Amino acid sequence: MMRVSRKLRKWTATILDLPQDVVLDLPRITMIGGLQVTVENHRGILHFSPELLRLAMDNGELEVTGQDLIIRNIGAEEVFVEGKIMGVRLQPRGKKPQ
Amino acid sequence: MKGTWVAMLRGYVGVKLIGGEAEAFLNAATSERIGLWNIAFTPRGELTFGIMVSDFFRLRPVLRRNGSRTRIISRHGLPFRMARLSRRKTFAGGMLAFVAALFILSTMVWEVKIEGNSAIPEEKIRQMARAEGIYAYQWSFRLQNAASLSQRLALRLPEAAWVGVDKTGTSIKITVIDSTKPENKAPASPRHLVAKTDAVITRVIAENGRPKVERNDRVRKGDILISGLLGDEKHSKAVVSKGKVMGLVWHEFRIESPLSTKTRNLTGASQDRGYLIIGNRALQISGYGGHDFADSQTRTTVNRAQLWNRWLPFGTMKEHELEVVEIEKKLTPAEAKEAGLKQARAELLAKGGQDAIIKAEKILHEQTENGKVLLTVLFEMEQSIEVERPILEASIE
């Protein structure tokens, strides 16, 4: 059932030429240089330290690496990270567990 | 942090998390929709964050579940400031007292200005205004509105045509406009116009009364020129006679005119000296080593120090010394004579009144002796000769 609705939504998105993140609830990552990262539609914090921030997502994880990371603001769906950002990495989980 | 000033108004705290797992705590707080900000680790590995005061109390169940405690490290915002202020009672009291004093003082009248160049003495206007309650250091809420005040003040000052009262802030301006009155003429009693001196009449203009003389008549001092008595012997009336009578009058002048005149002239050389005044002593501070003028004229200006409206006992004084030279001028007898006549004419015209004209002049005698020219001159001058003389009651009957 879920897969059907998902497929339907994906199809609608392509037909109507809508941005995928709006329709599919995908994370949206905005980066400003190496200073700020805003992640929308996350599913919680898995790990946080000044060097590494791991965020849970619908289908995987997002890793932000850097130095002196600070979460400027956190809401139910949005994280705003500041610091010296060195890397942003997506780890899709897919069907296989890690 | 939503809107810094909202956060300041409601208060926020900086918190340190002790014990428990940081990630689990953050997830739990976010799912409870508790807003956190500036989440960071201290170098010692402790999690610090900012939180609104109201959210801080909602954090308690989350903390309990997570098995951690918090320590507040900093407090910001109005509620904390108020709490601190409530501990400093005198300070808070002082602030309140200041606001109260400012308010009370601003409800007072501080100044009453009186404007309009009125003949009514300012002291009287002030007195009347005081009776209506307008005076300095009066409460302005005890005053009536400006319109009725000006009306009542106008009733108290009947001499004024219009009285305006204008209140701006803590000062009141009273404008008084005088009603213009016709010029006050002293009532004249019945009178004649008589001759001031011996003269030959040249012109008679009678506005009121009966002219007794004509052109070319010769009059003596005290003769009636324009009579104030009208009618015949039986029916007579005394009036105020008015008019103008011009006549030729002779003046004999003795003139002494010196053959040499001395004038003091400025040579243009000058020097300045500055002094410092303390009490009634002056200390020269500049202008040393000037010339010594044989004859000089000194102009002194004193500048005394002033503190508001009080004179202080010190100041500066400036002396401007101008060199003067005396020039003696020799005159020929003719020049001396002319100079003497000129002065005599000027004197005569000043004595004769406004419409005096010198008709003729004749030198009767001329003599030069002892460095002087002696002249006797006869001037013939046309001038007004009338003078008033009241008619006595007894003379009417």
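## The contact between the chains

In total, 14 residues of chain A are in contact with 14 residues of chain B. On the chain A side, the elements that contribute two or more residues are strand 3 (45–48) and strand 5 (60–74). Strand 5 of chain A supplies the largest share of that side, namely five residues. Classified by residue type, the side of chain A that touches chain B comprises eight nonpolar, five polar and one charged residues.

## Chain A

Strand 3 of chain A, one of the elements at the contact with chain B, also pairs within its own chain. Its partner is strand 4 of chain A (residues 52–57), to which three bridges connect it in the antiparallel sense. The two strands make a hairpin, with three residues between them. In this pair, His47(A) has Arg54(A) of strand 4 as its bridge partner.

Met86(A) lies in strand 6 of chain A, which covers residues 78–92. Is Met86(A) buried or exposed? Met86(A) counts as exposed, because 12 C-beta neighbours lie inside 10 Å. When neighbours within four places in sequence are left aside, Met86(A) is in contact with Thr65(A) and Gly66(A). The C-alpha atom of Met86(A) is separated by 10.0 Å from that of Gly33(A), a residue 53 positions apart along the chain.

The mean pLDDT of chain A is 83, and 92% of the residues score at least 70. Among the elements of chain A, the highest mean pLDDT, 91, belongs to strand 2 (residues 36–40), and the lowest, 70, to helix 2 (residues 20–24). Where pLDDT is low, the predicted coordinates should not be read in detail.

## Chain B: overall description

Chain B contains nine helices and 22 strands. Of its 397 residues, 18% are buried. Among contacts in chain B between residues at least 6 apart in sequence, 66% join residues at least 24 apart.

## Chain B: two open sheets

One open sheet of chain B consists of three strands in the order 5-7-6, with mixed pairing. Strand 5 (111–115) and strand 6 (160–168) are the edge strands; each has a single partner strand, so one side of each is left without a neighbour in the sheet. On average, neighbouring strands of this sheet are turned by 15 degrees against each other, direction ignored. Strand 6 of chain B is joined to strand 7 of chain B (residues 171–178) by eight bridges, and the two run antiparallel. Among the bridged residues, Thr168(B) has Ser171(B) in strand 7 as its partner. Helix 6 of chain B (residues 122–131) packs on the sheet and touches strand 5 and strand 7; the helix direction makes about 130 degrees with that of strand 5.

Another open sheet of chain B has four strands in the order 10-12-8-22, with antiparallel pairing. Its edges are strand 10 (210–211) and strand 22 (386–390), each with a single partner strand, so one side of each has no neighbour in the sheet. Strand 8 (residues 191–195) and strand 12 (residues 224–227) of chain B run antiparallel and are joined by two bridges. Here Leu193(B) has Ile226(B) in strand 12 as its bridge partner.

| Strand pair | Number of bridges |
|---|---|
| Strand 3 of chain A and strand 4 of chain A | Three bridges |
| Strand 6 of chain B and strand 7 of chain B | Eight bridges |
| Strand 8 of chain B and strand 12 of chain B | Two bridges |

## Chain B: a helix pair

Two packed helices are described by the angle between their axes and the distance between the axes. For helix 2 (residues 22–31) and helix 3 (residues 53–66) of chain B, the packing angle is about 145 degrees and the axes are 10 Å apart. Helix 2 of chain B passes helix 3 of chain B in a right-handed crossing. From helix 2, the residues Ala24(B), Phe25(B), Ala28(B) and Ala29(B) meet Leu59(B), Val62(B), Arg65(B) and Asn66(B) of helix 3. By class, this contact has six nonpolar, one polar and one charged residues.

Note on methods
Residues numbered from 1 in each chain as written. Chains lettered and ligands numbered in written order. Predicted model: local features only at pLDDT ≥ 70, side-chain atom pairs only at ≥ 80, totals over all residues. Pairing = 2+ DSSP bridges. Axes fitted to C-alpha atoms, helices over the stretch in contact; angles between N-to-C directions. Contact = placed C-beta atoms within 7 Å. Nonpolar A, V, L, I, M, F, W, Y, C, P; charged D, E, K, R; others polar. Buried ≥ 20, exposed ≤ 12 C-beta atoms within 10 Å, placed from the backbone. Left-handed = near helix turned anticlockwise from the far one by under 90°. pLDDT = per-residue confidence, 0-100.
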